Amino acid sequence: MRLLVCRPQVPFVYGGAELVADELVRELRARGHEAETVAVPFKWYPGTRVLDQAFLWRLLDLEEADGRTVDRVIATKFPAYCVRHPSKVVWVLHQFRQAYDYDRTALGQFSESPVDRATIRAIERLDRVALGEARRVFATSRNVAARLERSVGIAAEVLPHPPQRLPYRAEEPEGYVLSVNRLDRAKRIDLLIEAARAEPGLRVVVVGEGPDRERLERLAAGLDGQVEFAGRVDADRLADLYARCLAVYYAPIDEDFGMVPYEAFLSQKPVVTTHDAGGPLEVVHDRRTGVVVAPEPRELARACAYLAAHVDEAKAWGAAGKAVAERVTWDACIDALLA
Amino acid sequence: MRVAYYSPLPPSRSGIADYSALLLPALAERVEEVVVVAPGARAPRADVACYHVGNDPGAHGWIVDALRRRPGVVVLHEFVLHHLVAGITLGRGDARGYLEAMERELGVAGRLLALGVADNLLPLPWETQPERFPLAGAVLDLAQAVIVHSAYVEERVRASGYAGPVHRIPHPAWPEAPVRPAPLAADPLVGCFGYLNASKRVPQLLEAFTLLRRRRPGARLLLVGASGERFDLERRLERLGIGGDALLREGYVAEERLWSLMAACDVLVNLRSPTMGETSGSVIRGLSLGKPMLVSDVGWFAELPDDVALKVPVDEYEVETIAAALELAADRAGELGAAARAYVRREHDLDRAADAYVAALEQAAGGEAVADAVLWRIAEAAAEVGIEDAGALALEARRAGIV
């Protein structure tokens with residue numbers, strides 16, 4: 001088949017969503033399909049600009065390319081799924097959350113002005129049209145599917161995706177807790193740093209870059225080297241950090257899906273998360289594949305200290321997680337997307 | 001968002017007043033401010049106005065006057081508004097206004113008919129056959145957006161040519177609370193609540209009740225509400241021999257007593273024909289109590305699921321059907337009641353209704369500015385490369401729900 005995978009691209013930003021789309025293209029090609037990524041730059045502010053950006057997708061003609069039919073488009077997130085195509089499949093990584101669950105929180109962007117409120121309503125209508133016209137709608141987690149159902153009344157099939165390719169392995173834990181995430185407020189890496197403050201024996205390695213780095217570094221100052229910021233690392237280094245850690249911390253606020261727990265599990269490491277983390281809770285089960293606690297530094301500190309004192313349990317939970325992660329395969333994803 | 005809210009409210013005795021009393025607190029939780037406007041008060045500063053419109057000119061005439069001064073979101077509680085329109089035109093000596101409303105709906109024939117009415121040459125259509133001349137257009141012309149409660153009214157609004165946004169928001173149900181049933185013994189107790197008149201099919205109900213009573217001598221009929229001005233209820237009851245132990249009669253009752261009486265009933269009856277496109281708060285109350293319900297198979301009532309209400313066709317077998325349905329409902333009370341309660345929880349949730357109101361009001365308050373901003377930028381981009389007519393782009397933006 002000739003397939004186009006559609007995703008937005010915030011210039012200079014490359015994260016989980018971009019990675020999944022690019023992996024999908026690679027996996028499709030590996031199965032003999034002609035596959036290509038279509039990316040359109042995305043800027044979602046100020047005010048009503050987000051609608052212009054959605055409209056850009058609407059204007060694209062992807063029904064054929066160079067005189068040959070495009071059999072299907074697979075769109076991953078807002079506003080890419082606004083694209084028109086008679087055989088459109090949407091694999092929703094997330095909606096434009098500023099218009100939904102982020103609204104009226106610190107993560108929102110819209111004020112109480114009539115124009116801002118009406119912009120949110122326009123995004124809801126757009127989602128209903130764009131997702132409603134799709135041949136099939138998948139969501140990467142039950143959390144994302146539930147949000148879709150709740151916000152725009154669209155029922156999606158749950159289809160999780162495998163994490164990025166890395167040379168996953170497990171080695172003897174060296175005692176540090178690893179955080180792998182973009183450094184922005186919603187990812188709540190500050191909770192882990194505060195946990196380190198509460199538990200002087202806790203060592204933390206923070207992988208990733210993002211707008212919150214400066215604040216996080218200030219927060220970690222004075223912790224006597226307990227927190228190491230590793231920045232962006234390559235695949236080998238990342239796999240190595242996973243392999244040698246005690247556990248992986250992952251607790252964004254109501255995360256859509258969360259690829260990191262799968263990466264941790266493939267490295268046979270337990271995941272430390274919080275009750276309000278959303279998607280990760282679908283695979284991180286307390287004292288079975290990790291630890292789930294309240295989003296409080298002291299609780300996190302206690303959980304990490306417990307794992308450090310009970311390494312055998314940590315290993316067992318990591319191994320149980322591996323079995324969960326191995327059930328999610330590209331074969332299953334591609335079968336569903338092309339059915 | 002500040003909302004100017006126009007509606008009759010308790011102690012005014014109407015379904016719409018009760019509706020607003022139920023909705024207002026939930027709405028106020030969701031917006032910056034709801035300013036409830038009193039009759040005769042000056043229009044407050046607001047981002048959007050919400051007008052509740054029903055057919056009673058006494059209760060809603062002032063609301064239409066306010067709507068004329070400032071367009072807003074119209075909540076159409078009934079589609080047939082002939083009585084309202086006549087009241088605020090002919091009733092105020094404005095024959096021209098009535099002529100225009102009739103002409104808008106029926107063309108020249110409407111104008112001629114209106115002339116005959118204005119000159120007292122013809123029977124008053126709002127009393128004889130209002131459903132033939134709904135005159136909703138007179139109000140719809142002023143609406144920025146319309147909120148309706150049923151598919152039936154939505155279809156009629158669209159058929160009348162209204163092109164603006166129409167939001168269908170089910171009538172919300174009252175929050176569930178413990179109700180102590182009034183101590184009324186019967187086998188079964190059949191209840192009919194609300195204004196009692198011919199269009200509520202009370203004559204047919206009374207006849208059907210006499211049939212039921214022959215088969216179920218323990219049956220009792222509870223009639224609650226005022227009877228219509230030109231509807232001689234007492235004479236009908238006497239003629240059919242419904243009295244004594246068979247009849248329980250109460251006039252207008254306060255809220256608490258209403259719930260208590262309703263809870264005591266084994267079967268509730270809420271028939272209607274002709275329908276004016278109304279939704280019945282009484283039906284919603286009864287269903288939320290888990291009571292078996294008989295309704296006419298018309299308008300909004302026909303949209304109730306088959307397992308929730310027994311729907312009686314308005315035809316020559318109506319009386320016999322009502323009698324049979326009363327028995328059936330009494331016998332299957334548990335099953336029907338459970339379905340009714342589940343349906344109300346599912347479809348008539350107050351929070352969902354309030355959320356839908358906020359969505360409709362927000363769209364009305366800022367939607368035009370959003371559309372203008374997006375379309376202006378699209379047109380500007382097109383114009384910069386020499387494409388002056390961006391109409392096709394605008395059309396696509398509208399189709400996609402962007403503007």
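The model is predicted. Chain A holds an open sheet of 6 strands with parallel pairing. Chain B also holds an open, parallel sheet of 6 strands. Chain B meets chain A through 21 residues of its own and 19 residues of chain A. The largest nonpolar core counts 226 residues.

**Sheet in chain A**

- The strand order is β2-β1-β5-β6-β7-β8 (chain A).
- β2 (34–41) and β8 (157–158) of chain A are the edge strands; each has a single partner strand, so one side of each lacks a neighbour in the sheet.
- Strand β1 (residues 2–9) of chain A runs parallel to β2(A), and 8 bridges join them.
- Within β2(A), A:Val40 is the residue opposite A:Pro8.
- Helix α1 (residues 16–30) of chain A lies across β1, β2, β5 (72–77) and β6 (88–94) of chain A. Helix α1 of chain A runs at about 170 degrees to β1(A).

**Domains of chain A**

- Chain A splits into domain 1 (2–159) and domain 2 (176–326).
- The C-alpha centres of domain 1 and domain 2 of chain A are 29 Å apart.
- Their contact takes 11 residues from domain 1 of chain A and 9 residues from domain 2 of chain A.
- On the side of domain 1 of chain A that touches domain 2 of chain A, β6 and α4 (142–152) of chain A each supply at least two residues. α4(A) gives the most to that side, with 3 residues.
- By class, that side of domain 1 of chain A has 3 nonpolar, 6 polar and 2 charged residues.

**Contact between chains A and B**

- The contact draws 21 residues from chain B and 19 residues from chain A.
- On the side of chain B that touches chain A, the elements giving two or more residues are α15 and α16 (391–399) of chain B.
- α15(B) contributes the largest share of that side, 12 residues.
- That side of chain B divides into 12 nonpolar, 4 polar and 5 charged residues.

**Sheet in chain B**

- The strands follow the order β9-β8-β7-β10-β11-β12 (chain B).
- β9 (247–250) and β12 (310–312) of chain B stand at the edges; each has a single partner strand, so one side of each is without a neighbour in the sheet.
- On average, neighbouring strands of this sheet are turned by 20 degrees against each other, direction ignored.
- Strand β7 (residues 189–193) of chain B pairs with strand β10 (residues 267–270) of chain B in the parallel sense, over 2 bridges.
- B:Val190 faces B:Val267 in β10(B), standing opposite this residue.
- Helix α10 (residues 255–264) of chain B packs on the sheet and touches β7, β8 (220–224), β9 and β10 of chain B. The direction of helix α10 of chain B makes about 145 degrees with that of β7(B).
- Helix α11 (residues 281–288) of chain B also packs on the sheet, touching β7, β10 and β11 (293–296) of chain B. The direction of helix α11 of chain B makes about 155 degrees with that of β11(B).

**Nonpolar core**

- Nonpolar side chains tend to be buried together in soluble globular proteins.
- In the largest nonpolar core, A:Val177, B:Leu76, B:Leu294 and B:Leu326 touch the most other members.
- Helix α15 (residues 350–384) of chain B gives the most to this core, with 11 residues.
- Apart from neighbours within four places in sequence, B:Leu326 is in contact with B:Val190, B:Ala208, B:Leu212, B:Val267 and B:Leu294.
- Among these contacts of B:Leu326 are B:Val190 and B:Val267, the two residues that stand opposite each other.

Methods
Residues are numbered from 1 along each chain as its sequence is written. Chains are lettered from A and ligands numbered from 1 in the order in which they are written. This is a predicted model: local features need pLDDT of at least 70, side-chain atom pairs count only at pLDDT 80 or more; totals for chains, interfaces and linings use all residues. A nonpolar core is a set of buried Ala, Val, Leu, Ile, Met, Phe, Trp, Tyr and Cys residues joined through C-beta atoms within 7 Å. A residue is buried if 20 or more other C-beta atoms lie within 10 Å of its own, exposed if 12 or fewer, and partly exposed in between; C-beta atoms are placed from the backbone. Helices (H or I, at least four residues) and strands (E, at least two) are DSSP runs, numbered from the N terminus. Two residues are in contact if their C-beta atoms, placed from the backbone, lie within 7 Å. Ala, Val, Leu, Ile, Met, Phe, Trp, Tyr, Cys and Pro count as nonpolar, Asp, Glu, Lys and Arg as charged, and the others, Gly among them, as polar. Two strands pair if DSSP finds at least two bridges between them. Axes are lines fitted to C-alpha atoms, for helices over the stretch in contact, and angles run from 0 to 180 degrees between N-to-C directions. Domain bounds come from an automatic or database domain assignment.
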